[in-house]
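Here is a short tour of a protein and its ligand. Take a look at the structure first, then read on.

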Amino acid sequence: MKEIGLFYGSTYGMTETVARKIQSAFRKFRVMLHNVKDASADLPEKYDFLLFGTSAWGIGEMQSDWENWVFSLGKMDFSGKKVALFGLGDQKKFPDSFADGLGKLYSHLPDKSVVVGEWPLDGYSYHASLAEKNGRFVGLVLDENNQKDRTDERIRRWVDQLEKEFSD
Ligand SMILES: Cc1cc2nc3c(=O)[nH]c(=O)nc-3n(C[C@H](O)[C@H](O)[C@H](O)COP(=O)(O)O)c2cc1C
């Protein structure tokens, strides 16, 4: 079975919980979980399929464990790889920087052509988000603070989409 490397950063454990749900939702791929806090920054090179997840912090920032990591990612050769991103945020408390961590993470990727897993904006209510590009989110957006009840269904749909996009 093909492997996916899922790398996440999580402060209160919400992104970690979601990462485990994403791991369980895949049927055709085996997902290996790595907390960026403990993993070496060259580990993503080992995988052809990658998932990167972050929460949003401090108005417009990624989860802090990603800070060191993203600079290594900037030097990585992504040719032949496929990458999908997911981000957590709180649209009620931070409507002007909703899921900005996801947008920041995306902006650090040196080659955007490898990114799959875009996600529609429908069903969220906020004013501004760095995760938005051309009327779509650059990856799956989840809000465990206000829309926890929608998380499982969003993950199911996104993973179904990714199993196709990773196989194309
Ligand atoms: C100090 C602080 C700043 C935050 N900043 C943002 C933000 O700018 N945008 C956003 O959408 N969510 C923001 N959040 C919400 C978190 O991203 C959200 O609760 C997330 O689920 C936390 O996930 P984690 O436990 O995996 O780190 C913030 C939360 C805190 C406590």
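How far is an oxygen atom of the ligand from an N or O atom in the side chain of Thr15? The distance is 2.6 Å, which falls under polar contacts (pairs of N or O atoms within 3.5 Å). Please keep in mind that this is a predicted model, where local features need pLDDT of at least 70, side-chain atom pairs count only at pLDDT 80 or more, and totals for chains, interfaces and linings use all residues. Residues are numbered from 1 along each chain as its sequence is written, and side-chain values use heavy atoms, with hydrogens and water left out.

**Around the ligand**
- The ligand is surrounded by 20 residues (each with a heavy atom within 4 Å of it), and the closest are Ser10, Tyr12, Thr15, Ser55 and Ala56.
- This shell holds 9 nonpolar, 10 polar and 1 charged residues, with Tyr counted as nonpolar and Gly as polar.
- At least two shell residues each come from helix H1 (14–25) and strand E4 (56–57); helices are DSSP runs of at least four residues and strands of at least two.

**Further contacts and burial**
- Asn145 places a polar side-chain atom 2.9 Å from a ligand oxygen.
- A polar backbone atom of Gly60 is 3.5 Å from an oxygen atom of the ligand.
- The protein buries 86% of the 650 Å² that the ligand exposes when taken alone (Shrake-Rupley method, 1.4 Å probe).

**The whole chain**
- The chain contains 4 helices and 11 strands.
- Its C-alpha atoms fill a box of roughly 40 × 30 × 30 Å along the principal axes.

Technical notes: Polar contact = N/O pair within 3.5 Å; in protein donor to acceptor, adjacent residues only side chain to side chain.
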